[in-house]
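Welcome, and keep your viewer open. Let us take a short walk together, one selection at a time.

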Amino acid sequence: MRDVIRKLASMILTLLIVSFLVFLAFDLIPGDPAIAKLGTQATPEQVASLRAEWGLDRPFLIRYFDWLFSFVRGDMGYSYHFDRAVTELLSGKILITVTLVIMAFVMIVSVSIPMGIFAARHQGGALDKSIMVSNQLLMAIPPFFSGILITFLFGVGLSFFKPGSFVSYTQNFGGFLFYMIFPALAVAIPKIAMCVKLLRSSILEQWPMDYVRTAYSRGNRTMQVLYRHVLRNAMIPVVTFLGMTLADMVAGSIIIEKVFNIPGIGQILIKCIEYRDYPTVEAVVMLIAFLVVFVNFMVDIIYRILDPRMRQSS
Amino acid sequence: MKLKRFACVLMTLTIALSGLTTGCTSGDKDGKASSSITIGIPQDLDSLDPHKAVAAGTKEILFNIYEGLVKVDSDGNLVPAVASEVSPSEDGSSYTFTLRDGVKFHDGSAVTAEDVKYSLDRCAASDGDSAPLVPAFSNIKSVDVKDAKTVTVNLENPDTEFLANLTTAIIPASNKEPEKNAIGTGPYKYVSWTPLEQVVLKKNEDYWGEKAYITDVTIKIIADGDSIVTALNGGSIDFFARLSADQVSQLSGDFTVYEGTMNLVQALYLNNAEKPFDDVRVRQALCYATDVKAILDMTSDGKGTPIGSSMFPAFGKYYTDLSNTYPKDIEKAKALLKEAGYEDGFTFTITVPSNYQPHIDTALVLKEQYKEIGVTAEIQKVEWATWLSDVYTGRQFTSTVIGVDASTLTAPALLSRFVSDAGNNFINYNNADYDAAYARAIKTTDDAEKTAAYKECEKILADTAANVYIQDMAEFVALNKKYTGYTFYPLYVQDLAKIKPADAK
C-alpha cells in the first residue's frame with residue numbers, strides 16, 4: 001500500500017515538472033500568442049490590449065501558478081487559436097486519438113502473441129524463419145513510412161478508402177472506424193514485429209529452465225507447460241513492452257495523424273504550438289504525460305498479478 | 001393479420017433507414033450534387049466572431065455569413081448591403097446610412113438601427129479602454145441612431161475613403177456569444193464548426209439579395225498540402241482555391257481550373273535601416289540583378305503578374321505598371337555595388353516563413369540570381385509565429401520574402417505602412433518626399449488629386465528601390481466540373497453564393 005502511495009506521489013511530481021517545463025519552453029522560444037493571433041494587420045495597441053486580456057503582461061511565475069491552480073480545479077483555460085474553451089476543444093478530439101491507439105493496440109496483442117508463441121514452438125522451422133526475416137524488415141519501418149505505403153496500397157491502389165478524407169464519427173461512426181483501421185495498421189505493423197520477436201525469444205529463454213523440466217516430470221503436456229508455466233514468466237518483458245508501446249503510440253499519434261489527415265489531439269498539438277496557444281498545448285501535453293505515467297503505473301500492477309514474487313519482495 | 005402488421009413495421013423502418021442513409025451521403029457522386037458541395041480550405045478558422053477573426057483564411061469564409069453596411073462586389077466596388085443607401089457628407093466627416101427594408105438576421109429577427117450601432121461600437125471599442133477591434137475605427141467619434149432606419153457615423157478626422165471600412169459585419173445586439181453562434185445576414189447560415197475537421201453552412205432562404213444556388217456547403221479543413229490533390233481527385237472535395245501550378249498539373253480531368261491573381265505584393269522586403277540596405281544604391285543593385293521573369297518561370301510555370309511597387313492591378317485606378325523600373329542589368333548592378341563600396345559583394349540573410357512554400361521557392365531563385373553579382377544570400381526559414389514576432393513586429397531582420405495583402409481596396413491599405421512613423425512600417429522605410437506625398441493624398445477630397453498623389457507615392461517607392469518588388473502571384477482555383485460560376489474578387493474572398501450546379505441554367 002505504501003508502495004502505491006509512493007508511486008502516486010512520483011506520478012504527481014512528474015506531471016508537475018512536465019507542466020512547468022512546457023510553460024518555460026513557451027517563455028523561451030520566439031513568438032508571442034497575441035502577435036500570432038492578430039497577424040499582419042494588427043496595430044501595437046491591439047496587440048497590447050489582447051496581451052492584457054489574456055494576462056500575458058504578468059510575470060512568468062504568476063502566470064504559471066495561475067494556470068496551475070485553474071488546471072487543478074479542472075479549468076483548462078481558453079484556446080487562443082480556436083477561440084473556445086480547451087475542454088470543449090479537446091473533448092471531441094480525444095475519442096479520435098484514443099480510438100486509433102486502442103485499435104492499434106488490439107491489433108498488436110491479437111496478432112503478435114499467437115504469432116510469437118507459434119514461432120517459438122516451431123523454432124527453426126521454415127515458417128519460423130520466414131516470420132523472423134519479415135519481422136526484421138517490418139521492425140525497421142517507421143510508422144509514417146508504413147502509413148504512406150498503406151495509403152498507396154489500400155487507398156490509391158485498391159481504393160479501399162479515400163486517402164486524406166477522414167470520416168467524422170459524429171456523421172458516420174461505422175465509416176469512422178473503417179477509416180481508422182488503416183492508420184492503426186500503420187502504427188501497429190512495426191510494433192507487432194518487435195513484439196513477436198520479443199515474445200519468441202522470451203519463451204525460448206524460459207524453455208531450458210529447471211521449472212520446465214519439473215513441470216514435464218509432473219506429467220504436464222507441452223501445451224500445459226507452455227500456457228500454465230512458461231508463458232506466465234515469458235510475458236513479463238512483453239507486458240513492459242506493451243505498456244511502453246501504448247504510451248509511445250499516444251505520443252506518436254502526432255505523426256500518423258498528420259499522414260492520414262486525422263484531426264486528433266496530435267494535430268491540435270502541432271497547430272497550437274505553431275500559434276503559441278499554450279493553454280491548449282499544456283492541456284494536450286499533460287494528457288499525454290498523464291497517460292504515459294498512468295500506463296507505467298498499470299504495468300507495475302500487472303507485474304504483481306503475473307509474478308507473485310514481486311508482491312513478496314516489495 | 002399479424003404478419004401484415006409486421007411487414008408494415010418493417011417497411012416503415014426500411015424507409016426511415018434509407019432516408020437516413022441518403023441524408024448522410026448526399027453530395028456523393030451521383031445526381032444529388034446540385035444541392036450540396038464540399039470545399040476544401042488549407043487552414044482552420046480562428047474564430048466565428050467576425051470582429052475578432054483576423055486570419056485572411058477565416059475572413060474569406062465568414063464573407064458568406066456576414067455582411068456590413070456595404071460590401072465589396074467582384075469588381076472591387078463598394079455596394080450597399082445591410083444599408084440600402086449611403087450619403088456621405090461633402091467633406092467626408094460623416095456618413096449617413098439608410099437601412100435596407102426586410103433584411104433579416106439568420107435567427108429571423110429584423111436588422112435594426114440599434115444592431116448597427118451595437119456592431120460598430122463594438123468594433124470601435126468605444127465603451128472600454130481596450131484597443132479598437134478594427135484599427136481604422138479609432139477615427140469614429142460617434143455612431144448616432146437617427147430613427148429606426150437611419151444611422152449616422154461621425155468621424156474625428158474627415159476621411160473620404162472611410163466607407164471601405166464599413167464592410168465590418170453587422171451582428172445582432174441580442175447575440176451574447178458571437179464566437180459560438182455565428183448569426184449574420186449573409187447568403188449562407190452557419191450550422192456547425194468542428195475544429196480541424198469541418199465547417200457546415202446552409203443556404204439562407206430569406207436572403208435579401210440574390211440567393212445562393214447551392215443549399216448545403218461543407219467546408220473541410222485539409223491542413224496537409226500533399227493531400228489536397230488526392231482529396232480533389234478522389235472526389236472528397238469539389239473545390240479548392242490557391243493551388244500551385246505544380247498541384248494543378250496533377251489534377252484529373254474532372255476539374256475546371258480558374259486562373260487569377262492572389263492580390264498581394266510579393267517582394268524581397270529589405271530592412272532599410274540596416275546595413276547594407278540603408279544604401280539606396282545597394283537596394284537598386286539587387287533590383288537590377290533580379291530577373292522576375294525567371295522567377296515566374298521557375299516557380300509557377302511563368303504565371304503571375306510582375307509588379308514594380310507596392311500596388312497590384314486589382315486596385316484599378318490607383319495602379320500604374322512600374323515593373324520595368326529595373327530591367328535586368330548585371331553590369332549596372334555591379335557598378336552600383338562598386339559605387340556603394342561593396343565591390344566584392346556581401347553576404348545577407350533572407351528570412352522566410354517556413355509554411356509558405358511559394359515564398360521559399362522565390363527566395364531560392366533569388367539566391368541563385370544574386371550569385372551573379374557576387375552577393376551571397378543565406379536563406380533562413382522560421383516558423384510563422386516567429387516571423388510575426390521577430391521580423392514583422394520586432395523588425396529584427398535583414399530581408400524577407402513575403403506577400404503583403406490589403407485589408408480594403410483603398411490605397412492606404414497598401415501605402416500607409418511606408419510612412420516613416422507608421423506602426424507597421426516593418427522595413428523602416430524613411431523618405432520625406434514619400435511622407436509629404438502621402439499626407440497630400442490623405443488630406444485632399446478631390447479624387448483626381450488624391451489618385452495622382454498615391455501614384456506619386458508608388459513611384460517614389462519604385463525609384464528608391466524600397467524593396468525588390470517581384471509579383472502579384474498567380475492563383476489557381478479548381479472546381480469540379482459538376483459546378484460552375486466561380487468568381488474572383490480583388491480581395492481575399494470566396495463567394496460561395498455564386499457557385500452553381502453546372503446543369504442549372
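Which strands of chain B do the buried residues of H3(B) pack against? They pack against strand S5 (94-99), strand S6 (140-147) and strand S7 (150-155) of chain B. Before going on, note that this is a predicted model, in which local features need pLDDT of at least 70, side-chain atom pairs count only at pLDDT 80 or more, and totals for chains, interfaces and linings use all residues. Residues are numbered from 1 along each chain as its sequence is written, while chains are lettered from A and ligands numbered from 1 in the order in which they are written.

Select residues 113-124 of chain B, helix H3. Helices (H or I, at least four residues) and strands (E, at least two) are DSSP runs, numbered from the N terminus. Nine of the twelve residues of H3(B) are buried (20 or more other C-beta atoms within 10 Å of a residue's own, C-beta atoms being placed from the backbone), so the helix is largely enclosed by the rest of the structure. Among them are B:Val116, B:Leu120 and B:Cys123. Step on to B:Ala125, which follows H3(B) and has a positive phi, near 50°.

Now colour the meeting of the chains: 38 residues of chain A are in contact with 34 residues of chain B, contact being C-beta atoms, placed from the backbone, within 7 Å. On the chain A side, H3(A) gives the largest share, six residues.

Finish inside chain A with domain 1 (2-72) and domain 2 (90-313), whose bounds come from an automatic or database domain assignment. Their C-alpha centres lie 33 Å apart.

How values were computed: Two residues are in contact if their C-beta atoms, placed from the backbone, lie within 7 Å. The expected span of a helix is 1.5 Å times one less than its number of residues.
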